[in-house]
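The following exercises concern the strands, a surface patch and a helix of the structure shown below. Each task is followed by a worked solution.

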Amino acid sequence: MTLRKGEKMTISIQEHMAIDVCPGPIKPIKQISDYFPRFPRGLPAAVGRSGALRPAVSQPSVSPAEAPREEDEDVDQLFGAYGTTPAQQPAKCPPPEEAVDPEGYESDDCTALGTLDFSLLYDQENNALHCTINKAKLPKLDYRKGLKPMDHNGLADPYVKLHLLPGASKANKLRTKTLRNTLNPTWNETLTYYGITDEDMIRKTLRISVCDEDKFRHNEFIGETRIPLKKLKPNQTKNFSICLEKQLPIDKTEDKSLEERGRILISLKYSSQKQGLLVGIIRCAHLAAMDANGYSDPYVKTYLKPDEDKKSKHKTAVKKKTLNPEFNEEFCYEIKHGDLAKKTLEVTVWDYDIGKSNDFIGGVVLGINAKGERLKHWFDCLKNKDKKIERWHTLTNELPGAVLSD
């Protein structure tokens, strides 16, 4: 049967309607972009984890959260440390001016968790690590860099906390103040770790976490970054602007031999004017927690031995609920300079308890029979009259010759 030209056109449209997955009126396709999503010029399409199409910007490396977690991986790529070439640095957050289609965009962790600007300085002479937390950039609906909003009002109450790994505990936890209802917090706050040695700088890692404070529930984790301290050079400030990562696990099987009772900063000076030894108890750091609340109520005792009558005993004031007490107290032992070579200075740190025996935290002995830094500190004092010499010393949980009760 021969069909007219108009009837043939009607059959073609019906067949097309039968196989079309989108019901509705037929609209002519003027150009290919009317049928497929638009992409920025020159950028190929990539499929994200959610299956949505998004523009794939060509970059030399992946973001920290997407990087493989192999032990032998370059830590510069993991943490974005400076000193690398641009091709070695982790992927940066896409700048706001880039042409990105929001409907087809899947944000990476850099955008979802935010960026943090901070600087680190290791003061080698004073054994101090200064951590200056500057500001963070928070995410918004236009996918700019920053922290993700945590509260129902679309804002957050962010603060930053620091830990030293291995051995994260309340003893080495520092934190900034909390800034309320902001997605662009600026702290400009410096937190300082005291008693940091060159050995710590080799084997320790600084963990920096950004959290949202919640008055009625547990504080919420936003993101973190970790900086191996061996990447720092003594007495040189290093600036960082790093994308935050998802929470990483902390190794719970750390070597127990690395556990420390704490450290103490002691000054020694033989005063010709006072004809005696001046012993300064300046501060302690990273003390072991002895109380159920995770803290201690520390104080320090000193003896100059041998001392049969125990007349050389001195005690500092008690500092409540702290693992990093600052004392700044000085004691004088009247003694001839020539007799110091026969003496031993015993320094012990205790946790004060009401109604029961005080707990021994740790101690250190300086004198002719000491070793290493403890012996060197004593000799430097004897050789340099009228000069105050300060040294940090690691506390031990066993003190030969000491009576472990107070």
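**Exercise 1.** Determine which residues make the nonpolar surface patch of about 280 Å².

*Solution.* Val 318, Tyr 352 and Ile 354 make this patch. Patches consist of residues with over 30% relative accessible area and no salt bridge, like charges being joined within 9 Å and nonpolar side chains (Val, Leu, Ile, Met, Phe, Trp, Tyr) within 5 Å. A salt bridge places a side-chain nitrogen of Lys or Arg within 4 Å of a carboxyl oxygen of Asp or Glu. Areas follow the Shrake-Rupley method with a 1.4 Å probe, and for residues only the protein chains shown count as cover. Ile 354 is located in the loop between S16 and S17. Its relative accessible area is 72%, so Ile 354 is exposed (exposed is over 50%, buried under 20%, partly exposed in between; 1.4 Å probe, protein chains only).

The model is predicted: local features need pLDDT of at least 70 and side-chain atom pairs pLDDT 80 or more, while totals for chains, interfaces and linings use all residues. Residues are numbered from 1 along each chain as its sequence is written, and side-chain values use heavy atoms, without hydrogens and water.

**Exercise 2.** Describe the place of S17 in its sheet.

*Solution.* Helices (H or I, at least four residues) and strands (E, at least two) are DSSP runs, numbered from the N terminus. Two strands pair if DSSP finds at least two bridges between them.

1. The open sheet has four strands in the order S14-S13-S16-S17, paired in the antiparallel sense.
2. S14 (314-315) and S17 are the edge strands, each with a single partner strand, so one side of each lacks a neighbour in the sheet.
3. Eight antiparallel bridges join S16 (residues 344-351) to S17.

**Exercise 3.** Identify the buried residues of H5 and what they pack against.

*Solution.* His 377, Trp 378, Asp 380, Cys 381 and Leu 382 are the buried residues. They pack against S11, S12, S13, S16, S17 and S18, contact meaning heavy atoms within 4.5 Å. His 377 has 0% relative accessibility and therefore counts as buried. Residues up to four places away in sequence aside, His 377 touches Ile 266, Leu 268, Leu 366, Ile 389, Glu 390, Arg 391 and His 393.
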